[in-house]
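Keep the sequence and the 3D view side by side. The walk goes from helix to helix, then turns to a pocket.

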Amino acid sequence: MSSTRSSTRASAAVVGASWMVFAGAAFAITNSAMQYLTMVQGLSSTSATFWQYLISLVAMLPVIWRIGVDGLHTEQLALHIFRVFLAALGVQFWVAGLANGVPIWQAIALLMTSPFFVTIGAALFLRETASRQRWAATAVGFMGGMIILSPWDDAFQLVAFLPIIAALLWGSSILCMKKLEERESPQSVTLYLLLLLTPVNFVLAFLAPGGLAMPVGMSMWWLIILAGLLGAIAQGSLAMAYEKVDAAYLQPFDHLKLPLNVLCGFLIFGWVPPGNLWLGAALIIGASLYTVHVERKQN
């Protein structure tokens with residue numbers, strides 16, 4: 001019996017890790033499609049984001065149907081809306097960075113600082129106590145982000161801060177999610193995100209300079225459809241991964257998104273990252289894994 005349980009756990013671990021790697025690959029292709037669509041083909045980042053998430057919403061309708069209207073019951077509607085607004089802004093800044101030529105390898109590495117913003121926000125706003133080890137890991141993670149950002153370099157441009165702002169906004173959205181889940185189910189939190197993200201992106205696109213633009217030509221539409229469908233598939237794959245095994249086990253596999261995005265950037269745009277990426281990424285990933293290790297020991 002013990003052998004059977006051990007075999008089942010091992011199988012679940014392999015399946016969960018596979019779903020996480022698959023999600024990372026899907027996100028990498030999605031990011032490259034969005035960067036090509038905005039940076040090369042000229043569709044505005046706000047419009048591209050709206051169309052991508054509209055298609056993702058349509059693709060996720062079966063999930064919404066499965067959750068059902070019961071998931072709409074809430075006593076914290078304002079916090080739901082605020083959380084989705086933060087998430088939508090994060091998406092907008094992320095795609096704006098890609099549209100303005102921030103190399104995908106740099107953008108994704110800087111985005112990996114998001115958990116460190118969560119640590120700071122949880123201590124400041126949720127009154128959670130972080131250990132000295134976690135604060136040290138956060139400092140090392142931000143040091144890695146600064147090495148990748150390299151603001152002292154002559155080639156540095158302010159648009160490189162856009163992925164950092166996206167990381168800050170997504171970290172803030174995660175804090176709202178943690179607060180919501182103190183009283184509400186994960187299904188309710190997920191449902192509001194799925195239903196509200198597209199309308200919020202529509203408003204942001206409508207208010208942006210130039211307004212909401214339609215994709216022009218079949219190549220644009222194919223890229224939008226690809227990004228929208230793969231984005232939905234990636235989100236579903238993440239859910240499958242976390243359903244199989246715990247987040248701490250999956251963390252190392254999540255970090256594979258960096259080489260996957262580097263590969264896509266090289267194949268599509270010919271970008272070869274400099275050495276400072278790998279040094280900075282090593283600090284970020286090392287700090288993240290150390291944080292997971294400390295938390296597992298404490299729990």
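Angles under 35 degrees count as roughly parallel, over 145 as roughly antiparallel, 65 to 115 as roughly perpendicular, and whatever is left as oblique. Two packed helices are described by the angle between their axes and the distance between those axes. The model here is predicted.

Start with helix H4, residues 77-99, and helix H9, residues 186-207. Their axes come within 8 Å and cross at roughly 55°. H4 and H9 are therefore oblique to each other. The crossing of H4 past H9 is right-handed. On the H4 side, the contact uses Leu77, His80, Ile81, Arg83, Val84, Phe85, Ala87, Ala88, Leu89 and Gln92. H9 brings Ser188, Val189, Tyr192, Leu193, Leu196, Leu197, Val200, Asn201 and Leu204. Sorted by class, the residues of this H4 and H9 contact are 14 nonpolar, four polar and one charged.

Stay on H9 and look for H2. The axes of H2 and H9 come within 9 Å, and the crossing angle is roughly 160°. That value is over 145, so H2 and H9 are roughly antiparallel. H2 passes H9 in a left-handed crossing. From H2, the residues in contact are Thr46, Ser47, Thr49, Phe50, Tyr53, Leu54 and Leu57. They meet Leu194, Leu197, Thr198, Asn201, Phe202, Leu204 and Ala205 of H9. This contact of H2 with H9 has nine nonpolar residues, five polar and no charged. Leu197, Asn201 and Leu204 of H9 take part in the contact with H4 and also in the contact with H2.

Now follow H2, residues 45-59, to helix H10, residues 218-244. This pair packs at an angle of about 50°, with axes 8 Å apart. That makes H2 oblique to H10. Their crossing is right-handed. H2 contributes Ala48, Trp51, Gln52, Ile55, Ser56 and Ala59. H10 answers with Trp221, Ile224, Ile225, Ala227, Gly228, Leu229, Gly231 and Ala232. The H2 and H10 contact counts 10 nonpolar, four polar and no charged residues.

How much space lies in it? The volume is about 270 Å³. The pocket is lined by 17 residues, and the closest to its centre are Gln106, Leu149, Ala155, Phe156 and Gln157. Helix H5 (104-111) and helix H7 (132-149) each supply at least two residues of the lining. By class, the lining holds 10 nonpolar, six polar and one charged.

Notes: Residues are numbered from 1 along each chain as its sequence is written. This is a predicted model: local features need pLDDT of at least 70, side-chain atom pairs count only at pLDDT 80 or more; totals for chains, interfaces and linings use all residues. Side-chain values use heavy atoms; hydrogens and water are left out. Axes are lines fitted to C-alpha atoms, for helices over the stretch in contact, and angles run from 0 to 180 degrees between N-to-C directions. Helices (H or I, at least four residues) and strands (E, at least two) are DSSP runs, numbered from the N terminus. A crossing is left-handed if the near helix is turned anticlockwise from the far one by less than a right angle, and right-handed if clockwise. Contact means heavy atoms within 4.5 Å. Ala, Val, Leu, Ile, Met, Phe, Trp, Tyr, Cys and Pro count as nonpolar, Asp, Glu, Lys and Arg as charged, and the others, Gly among them, as polar. On a 1 Å grid over the protein atoms alone, a cavity is a set of points where a 1.4 Å probe fits but cannot get out, and a pocket is an open set with protein on both sides within 12 Å along at least five of seven lines; lining residues have an atom within 4 Å of a point. Grid points are joined across faces, edges and corners, and a volume is the space filled by probe spheres set on the points.
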